[in-house]
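Please take a moment to look over the sequence and the model below. We will then walk through it together.

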Amino acid sequence: MSNKQFTKLMKEHQEKLVMFVPIVARVHGPTHPEFNDVKIEFDLIMKKYKKGEQAIAAHFMALREITNNYEVPHDVCETYAAVYEMLAELDQALQVEG
């Protein structure tokens with residue numbers, strides 16, 4: 001990854017996201033099935049990021065569509081909101097460089 005801001009944010013958020021995304025999917029997936037798609041895209045991003053692949057912009061584009069630009073539903077927990085906030089920060093950093 002050549003984008004320094006994205007890489008910096010990924011280092012900051014990666015551990016929490018890897019921990020939180022599956023939990024949020026398990027807890028909120030039944031009432032917010034779109035989060036299951038968020039998990040799929042996130043898993044693909046992480047797989048490619050760990051391999052050093054740079055072709056992850058399309059996955060963030062999909063996340064923007066799935067989440068309505070990271071709009072947090074009114075009936076979810078703070079962890080769900082935190083996941084969207086972290087993903088939005090990563091997405092924005094990637095777009096700045098991209």
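Predicted model: local features only at pLDDT ≥ 70, side-chain atom pairs only at ≥ 80, totals over all residues.

**A walk through the helices and their core**

Residues are numbered from 1 along each chain as its sequence is written, and side-chain values use heavy atoms, with hydrogens and water left out.

N69 is not a glycine, yet its phi is positive, at about 60°. With a relative accessible area of 55%, N69 is exposed; buried means under 20% relative accessible area, exposed over 50%, and partly exposed in between (1.4 Å probe, protein chains only). Y70 is found in the loop between α3 and α4 as well, and here too a residue other than glycine has a positive phi, near 65°. Is Y70 buried or exposed? Its relative accessible area is 11%, so Y70 is buried.

The largest nonpolar core has 26 residues, and F6, L17, F35, F60, V83 and L87 touch the most other members. Such a core is a set of buried Ala, Val, Leu, Ile, Met, Phe, Trp, Tyr and Cys residues joined through side-chain atoms within 4.5 Å. Which elements give two or more residues to this core? They are α1 (4-28), α2 (34-50), α3 (57-66) and α4 (78-97). The largest share, 8 residues, comes from α4. For a closer look at one member, take V83: leaving aside its neighbours within four places in sequence, V83 is in contact with L17, F20, V21, V24 and F35. Contact here means heavy atoms within 4.5 Å.

Next, see how the helices pack. The axes of α1 and α2 come within 11 Å and cross at roughly 140°. That angle makes α1 oblique to α2. Axes are lines fitted to C-alpha atoms, for helices over the stretch in contact, and angles run from 0 to 180 degrees between N-to-C directions. Angles under 35 degrees count as roughly parallel, over 145 as roughly antiparallel, 65 to 115 as roughly perpendicular and the rest as oblique. On the α1 side, the residues making the contact include F6, M10, L17 and V21, and on the α2 side they include F35, F42, I45 and Y49. By type, the residues of this contact divide into 13 nonpolar, 3 polar and 2 charged. In this count Ala, Val, Leu, Ile, Met, Phe, Trp, Tyr, Cys and Pro are nonpolar, Asp, Glu, Lys and Arg charged, and the others, Gly among them, polar.

Moving on to α2 and α3, these helices pack at an angle of about 165°, with their axes 10 Å apart. This makes α2 roughly antiparallel to α3. Among the residues in contact are E34, V38, E41 and I45 of α2, and H59, F60 and L63 of α3. The contact of α2 with α3 divides into 7 nonpolar, 1 polar and 4 charged residues.

A57, in helix α3, is partly exposed, with a relative accessible area of 44%. The C-alpha atoms of A57 and L94 are separated by 7.3 Å, although these residues are 37 residues apart along the chain. K16, found in helix α1, counts as partly exposed at 44% relative accessibility.

Note on methods
Helix = DSSP H or I, 4+ residues; strand = E, 2+ residues; numbered from the N terminus.
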